[in-house]
Amino acid sequence: MKLHLFENRLKAITALSLVCSGLILSSPAFAESKPYISLGEYKTGEKIPLKKKFKTKIFSSRNNSIVKIYPDFIKRDMHVIAKDNNKEILDFFVFDSQETLVFHKKMKADDHECLKSFKRGKYIYRVFTGDEETAAGEIEFR
């Protein structure tokens, strides 16, 4: 009988400690979130200041809807494949850290290109369909 009470209390204490630790660990995530707009200010008609400048980060997955980029770890190459859902011709550009053009290739649907003989470092790629940029990101050769 006493053993069951001890087990139940132990389960309750562990569950409570997990909930508390989760709340403590998630508090920095709440602190970094966007500030809220007070509905009281909105109702009274006061002007809410708007941000005029936004910091944008260029973040793109290497596997997007236009191209698929994946590394070959043995040969230290990168493979670029134009996906078949795109019917237009793609312009694939690679720039180095000084923003000079290193590589350019026009690709059709299902074209495969292997990027070889690149020095180690980070490179920026940009994909255009016509005049519109459809994908951008970074490639790192190790």
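1. Let's start with R126, which is partly exposed, with a relative accessible area of 23%. On the scale used here, buried means under 20% relative accessible area, exposed means over 50%, and partly exposed lies in between (1.4 Å probe, protein chains only). R126 forms a salt bridge with E133, and their closest N and O atoms are 2.9 Å apart. A salt bridge here is a side-chain nitrogen of Lys or Arg within 4 Å of a carboxyl oxygen of Asp or Glu.

2. A word on the ground rules. This is a predicted model, in which local features need pLDDT of at least 70 and side-chain atom pairs count only at pLDDT 80 or more, while totals for chains, interfaces and linings use all residues. Residues are numbered from 1 along each chain as its sequence is written, and side-chain values use heavy atoms, with hydrogens and water left out.

3. Now the sheet. Four strands form an open sheet, in the order β4-β3-β6-β7, with antiparallel pairing. Its edge strands are β4 (101–107) and β7 (132–141), each of which pairs on one side only. On average, neighbouring strands of this sheet are turned by 20 degrees against each other, direction ignored. For the terms: strands (E, at least two residues) are DSSP runs numbered from the N terminus, and two strands pair if DSSP finds at least two bridges between them. The angles come from axes that are lines fitted to C-alpha atoms, and run from 0 to 180 degrees between N-to-C directions.

4. Have a look at β6 (residues 121–129) and β7, which pair in the antiparallel sense over nine bridges. Which residue of β7 is the bridge partner of G121? That partner is F141.

5. Back to charges: how many salt bridges does the structure hold? There are three salt bridges. In one of them, the side chains of K106 and D91 meet at 3.0 Å, N to O. This pair links distant parts of the chain, with K106 in strand β4 and D91 in strand β3 (residues 90–95), 15 residues apart. K106 counts as exposed at 51% relative accessibility, whereas D91 is buried, with a relative accessible area of 12%.

6. One more pair deserves a mention: the side chains of E113 and K105 meet in a salt bridge at 3.6 Å, N to O. E113 counts as buried at 19% relative accessibility, while K105 is partly exposed at 32%.
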